[in-house]
Amino acid sequence: MPTYVPTLNYILSLGTIFIQLFCFTIFGALLFFRKKDNVFLKFLHDYTFIIGFLTAFGAMAISLFYSNVIGFPACELCWMQRIFIYPQVILFGMELWKREKVIVDYALVLAFIGSIISLFHIYVEHGGASNLACATGSATEVSCAVRYVYEFSYVSIPVMALSMGVFLMLILWNYKYISRA
Amino acid sequence: MFKTKQNIFIVSVVAIIILIMGVGFIVEKTAKPGKYDAFAQALKSEGAVFYGAFWCPHCQATKALFGSSKKYIPYVECSTPDSRGQTNECKANKVESYPSWTFKNGITLKSSDPKPLACAPSPTGAKIEGEPAVCANIHSEYAKVWVFSNYKFSIKSEKDPVQNGDVWNFDSSAMAVGEIPLEFLAEQIKFTLPQ
């Protein structure tokens, strides 16, 4: 494994925790300070699509970097999550280019289904370690129970994906709310 | 107006990234000595070796037991970077599953289990007819795998242990396989764990 991988894992995990805190902040603002002139929510509304594009693009770039540069093979559930993350780059990108707000609902559905798969992957990661020990790599297929990244005793790749999915759902929910006002 | 807000946004994103990296750096640099630093270093100096793979949840759980002292444990990475293969060092030491621990003076364990389960070697990895179901998951190609009812890990050994009352002694070729509690590791090197 390249020597920079632990540092990369650590930085991405810190970023994931930051996104989770940000999600709580947005959720709290939407629940308790839900006013149309809330500066924070208004700011998020104005930059929903650029934030969404950067987030989805970042997730796509990181997942490709892990599998194609570092060499961690993607398991079946990883591929299913990719199916719901990668198109969001196109959707948000098309909005930035063509200003088509219709993408909001499509992006919301994709983020929702992707998050459900991430949740299931997290469950598999924890349930998959039920044997006494792990078999050596040569004996295993690409198992979804292995954890290539595991920082702060809970941040793994599907936890990163779930955080990103929830974050996208929240900014899109906020966009719909402010736009409706 | 738009340009100003856009600039604020870009500056905010850059500031957040710098903040995250800064927090990580400060946390790393100001970390206090770990509770098990001396224990982890003693394991190394006493010739214990922990063979594992970076992707293995059981190895991650074992490392987590050591907390911030994990940097001192005598860990040998057995997985190739793509997670599908095994390094030559681990192949040469006949590591067949992770985590596996070896000790310079062999393994000693206490068990009142009168008849521990001894799974026979299975060169092909296939289930041996008539053996207990638990053996199917823990077979070794080369050695017998011993399972004691009061331990959640197994002992892989090419030679049978010497039994002395409820104490079982395996020679230095034996490996403890699975999530091993710190108390057991400490007993092997006669180290008193900090309270």
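In this note, buried means under 20% relative accessible area and exposed over 50%, with partly exposed in between (1.4 Å probe, protein chains only).

A word on the model before the points. This is a predicted model, where local features need pLDDT of at least 70 and side-chain atom pairs count only at pLDDT 80 or more, while totals for chains, interfaces and linings use all residues. Residues are numbered from 1 along each chain as its sequence is written, chains are lettered from A and ligands numbered from 1 in the order in which they are written, and side-chain values use heavy atoms, with hydrogens and water left out.

1. Let's start with the cysteines. Over all chains, the structure holds three disulfides, a disulfide being a pair of cysteine sulfur atoms within 2.5 Å. Helices (H or I, at least four residues) and strands (E, at least two) are DSSP runs, numbered from the N terminus.

2. In chain A, a disulfide joins A:C75 to A:C144, with S to S at 2.1 Å. This pair links distant parts of the chain, 69 residues apart: A:C75 sits in the loop between helix 3 (48–70) and helix 4 (76–98) of chain A, and A:C144 in the loop between strand 1 (134–135) and helix 6 (157–180) of chain A. The link of A:C75 and A:C144 is right-handed, with 110° about the S-S bond, and both cysteines are buried.

3. Have a look at A:C78 while you are there. Its closest cysteine sulfur is in A:C75, and at 3.2 Å that is too far for a bond. A:C78 has 18% relative accessibility, so it counts as buried.

4. Over to chain B, where a disulfide joins B:C78 to B:C90 (S to S 2.0 Å). The pair links distant parts of the chain, twelve residues apart, with B:C78 in the loop between strand 2 (75–77) and helix 4 (88–92) of chain B and B:C90 in helix 4 itself. The torsion about the S-S bond is about -80°, so this disulfide is left-handed. B:C78 counts as buried at 0% relative accessibility, and B:C90 counts as buried at 0% as well.

5. Another disulfide joins B:C119 to B:C135, S to S 2.0 Å. B:C119 lies in strand 6 (residues 117–119) of chain B and B:C135 in helix 5 (residues 135–138), so the pair ties together parts that are 16 residues apart in sequence. The link of B:C119 and B:C135 is left-handed, with -75° about the S-S bond. B:C119 is buried at 1% relative accessibility, and B:C135 is buried at 1% too.

6. B:C59 has a relative accessible area of 0% and is buried.

7. Now the backbone. A cis peptide bond joins B:Y98 and B:P99, with omega at about -10°. You'll find B:P99 in the loop between strand 3 (97–98) and strand 4 (100–102) of chain B.

8. Next, positive phi. A:S153 is not a glycine, yet has a positive phi of about 60°. A:S153 is in the loop between strand 1 and helix 6 of chain A, and at 52% relative accessibility A:S153 counts as exposed.

9. B:K190, not a glycine either, has a positive phi of about 55°. B:K190 is in the segment after helix 6 (182–188) of chain B, and with 75% relative accessibility B:K190 counts as exposed.
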